[in-house]
Structure formats: structure tokens, C-alpha cells
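Hi everyone, thanks for making time for this. Have a look at the model on the screen, and then I'll walk you through a few of its features.

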Amino acid sequence: MTLQEAVTDFTAVSVLLGEYGARAGEQGNDPAAYKATILKMAEVITEPARKLERSASNAQRDIAETDKLIREVKNVLDQTVQSPVLDELRAGFRKALGEVGDIDKVAGLMDDLARQIAGAESISLILKNAVRPARRAVLMLRDAARMAASWGTVI
């Protein structure tokens, strides 16, 4: 499943950002060590960030396809006649979609993370080129989360 791949890739990038961010912070008084840490961070994070961007793009595409299907199902349910069986199906559909609405909190966290990555981008051009795909991926995942959160209002 592409969303699971994106979550796995997201976790890997987050760990690297945290680890190397902490190392860079520890080197604050030694410019040469700080620069070496930033260069190593850029080297280590480049491929995982690109991988995250690819998996986030795939996940966003899948969420968009799911969104289309959910809206079509809702339209069909809205246009069908009332019956106990269909009423039960509608209620289950509404309940499931309502629970997805909690994802909106995740979107807010993604905004915060994107801002933090943008801060890392401002440190150096090498680091900017390395982490920019991760920021784009986080924004894609945020948008996908917002789309999924909107399903609670579809009902």
C-alpha cells in the first residue's frame, strides 16, 4: 500500500532530520564541525528524501482516487430509495467517514514539520537541495490528509 510506504519513508526521514539536527546543534561552537555535520546530513538524507517524495506522490494519488470513489458512493446512496438495509449501509458509511475526520490534526502537524524543514533549507544550499524533496513530500501528505479529513463533511 502506498500510504504505508510513505509513512515508513516519512519516519526514516524524520529520524535522520532529528539525529543530524541534534548533531549540528551540538557543533554550534565549532564552525568546521558544524559544516562537516551539515555536509554529512545532506549526503545521508538526499536519497531518503527523494524516496519519500516518490512515495508521498503515490499516496496522494491514491487518496485522490479514493476521494473520487467515496464521493461517487455517497451520491449513489443519496439517490437511492429509503429502505432499512440501505439506511443501515448509509449509517455505517457516515460513521466510517466521520472517524476519518480526525486526520485533520495530522495535517496541522505536517504544516509544522514543513516549516521546520524550510528552516533547515535556509542553512545551506547543499542542505536545501537535499531536504527540499522531503518538504514537498510533507506538503503532499498534508494535502492528502486534508482531503481525507474532508470525507467527514461529505456525509
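I'll talk about helices first, then salt bridges, then a pocket.

A word on where this comes from: it is a predicted model, in which local features need pLDDT of at least 70, side-chain atom pairs count only at pLDDT 80 or more, and totals for chains, interfaces and linings use all residues. Residues are numbered from 1 along each chain as its sequence is written, and side-chain values use heavy atoms, with hydrogens and water left out.

Let's start with the helices. Helices here are DSSP runs (H or I, at least four residues), numbered from the N terminus. To judge a helix's length, we take its expected span, which is 1.5 Å times one less than its number of residues. For α1, that gives 36 Å for 25 residues, and the end C-alpha atoms are 36 Å apart, so the two agree. Helix α2 covers residues 31-79; its 49 residues reach 67 Å from first C-alpha to last, close to the expected 72 Å. And α5, with 25 residues, reaches 35 Å, close to the expected 36 Å.

Where does α2 have a kink of about 40°? Look at Ile45, shortly before the proline Pro48. There is also a kink of about 40° in α5, at Val131, shortly before Pro133. The bend at a residue is the angle between axes fitted to the seven residues ending there and the seven starting there.

Now, salt bridges. Side chains of opposite charge can pair when their charged atoms come close. We call it a salt bridge when a side-chain nitrogen of Lys or Arg is within 4 Å of a carboxyl oxygen of Asp or Glu, and by this rule the count comes to 14.

Glu47 pairs with Arg54, with the closest N and O atoms 3.1 Å apart. For accessibility, buried means under 20% relative accessible area, exposed over 50%, and partly exposed in between (1.4 Å probe, protein chains only). Glu47, at 42%, is therefore partly exposed, and so is Arg54, at 45%.

Next, Asp112 and Arg115 meet at 2.4 Å, N to O. They are three residues apart in helix α4, so about one helical turn separates them. Asp112 is partly exposed at 35%, while Arg115 counts as exposed at 52%.

Is Asp111 buried or exposed? At 16%, Asp111 is buried, whereas Arg146 is partly exposed at 36%.

Last stop: the largest pocket, with about 240 Å³ of space. A pocket is an open set of points on a 1 Å grid over the protein atoms alone where a 1.4 Å probe fits, with protein on both sides within 12 Å along at least five of seven lines; lining residues have an atom within 4 Å of a point. Of its 15 lining residues, Leu3, Val7, Val106, Leu141 and Ala145 are the closest to the centre. Which element gives the most to the lining? That is α1, with five residues.

Definitions and conventions: Grid points are joined across faces, edges and corners, and a volume is the space filled by probe spheres set on the points. Helices (H or I, at least four residues) and strands (E, at least two) are DSSP runs, numbered from the N terminus.
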